[in-house]
Amino acid sequence: MRICLVAAGLVLAAGTASAGPIPMDTPIKLGNVETVCTGIGEGKNDPRWRAYPVRVEFVDASARYIAGAHVSLSDVTGAAMAEFDCSGSWVLFKLPPGLYTVSARLTAATSAPAVAKFQPPQTGQTRVVLRFPAQP
């Protein structure tokens with residue numbers, strides 16, 4: 001049986017939390033995952049963001065920030081946990097302990113997705129850098 005619930009742009013289907021573009025600098029809950037799309041302008045300096053143990057950054061081949069990506073998060077078994085669009089250059093996550101995979105595809109380019117595995121730290125914040133190659 002498949003249950004779909006649509007509310008305020010959030011779609012829950014078969015245990016996966018999915019949303020279209022999420023608002024900038026606004027914490028939201030997608031299923032079991034708390035996330036924030038940020039990293040542009042004043043928003044990236046918000047002291048609240050230090051409370052998020054995982055910071056995913058989108059960068060180009062020269063390590064310059066890139067804004068705008070479709071992000072997918074899955075658990076160690078490969079089960080999708082969250083999927084959304086972020087117009088910023090950072091995504092922050094609060095997650096239970098475990099091993100996760102994050103994948104992102106730039107929304108304004110045709111490059112292959114960048115993928116990384118990570119574990120939330122017990123303390124502090126870990127940076128997960130997704131590097132995209134230079135566009136032709």
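Biologist: Leaving aside neighbours within four places in sequence, what is Phe58 in contact with?
Modeller: This is a predicted model. In it, Phe58 is in contact with Arg64, Tyr65, Ile66, Ala69, Val71, Gly88, Ser89, Trp90, Val91, Ala104, Leu130 and Phe132, sequence neighbours within four places left out.

Biologist: Which residues have the most contacts inside the largest nonpolar core?
Modeller: Phe58, Leu73, Phe93 and Val102. That core has 28 residues.

Biologist: Which elements give two or more residues to this core?
Modeller: β5, β6, β7, β8, β9, β10, β11 and β12.

Biologist: Switching to the sheet. What is the strand order?
Modeller: β4-β5-β9-β6-β12, an open sheet with mixed pairing. β4 and β12 stand at the edges with a single partner strand each, so one side of each lacks a neighbour in the sheet. On average, neighbouring strands are turned by 30 degrees against each other, direction ignored.

Biologist: How do β6 and β12 pair?
Modeller: In the parallel sense, over 6 bridges. Val54 has Thr126 in β12 as its bridge partner.

Biologist: Now charges. How many salt bridges are there?
Modeller: The structure holds 4. Arg55, Glu57 and Arg127 are linked in a network of them. Arg55 to Glu57 is 2.7 Å, N to O. For Glu57 and Arg127, the closest N and O atoms are 2.8 Å apart. That pair links β6 to β12, 70 residues apart.

Biologist: Is Glu57 buried or exposed?
Modeller: Buried, at 1% relative accessibility. Arg55 is buried too, at 15%.

Biologist: And what does Asp60 form a salt bridge with?
Modeller: Arg64, with the closest N and O atoms 3.0 Å apart. Asp60 is buried at 14%, whereas Arg64 is exposed at 54%.

Methods
Residues are numbered from 1 along each chain as its sequence is written. This is a predicted model: local features need pLDDT of at least 70, side-chain atom pairs count only at pLDDT 80 or more; totals for chains, interfaces and linings use all residues. Side-chain values use heavy atoms; hydrogens and water are left out. Two strands pair if DSSP finds at least two bridges between them. Helices (H or I, at least four residues) and strands (E, at least two) are DSSP runs, numbered from the N terminus. Axes are lines fitted to C-alpha atoms, for helices over the stretch in contact, and angles run from 0 to 180 degrees between N-to-C directions. A nonpolar core is a set of buried Ala, Val, Leu, Ile, Met, Phe, Trp, Tyr and Cys residues joined through side-chain atoms within 4.5 Å. Buried means under 20% relative accessible area, exposed over 50%, partly exposed in between (1.4 Å probe, protein chains only). Contact means heavy atoms within 4.5 Å. A salt bridge is a side-chain nitrogen of Lys or Arg within 4 Å of a carboxyl oxygen of Asp or Glu.
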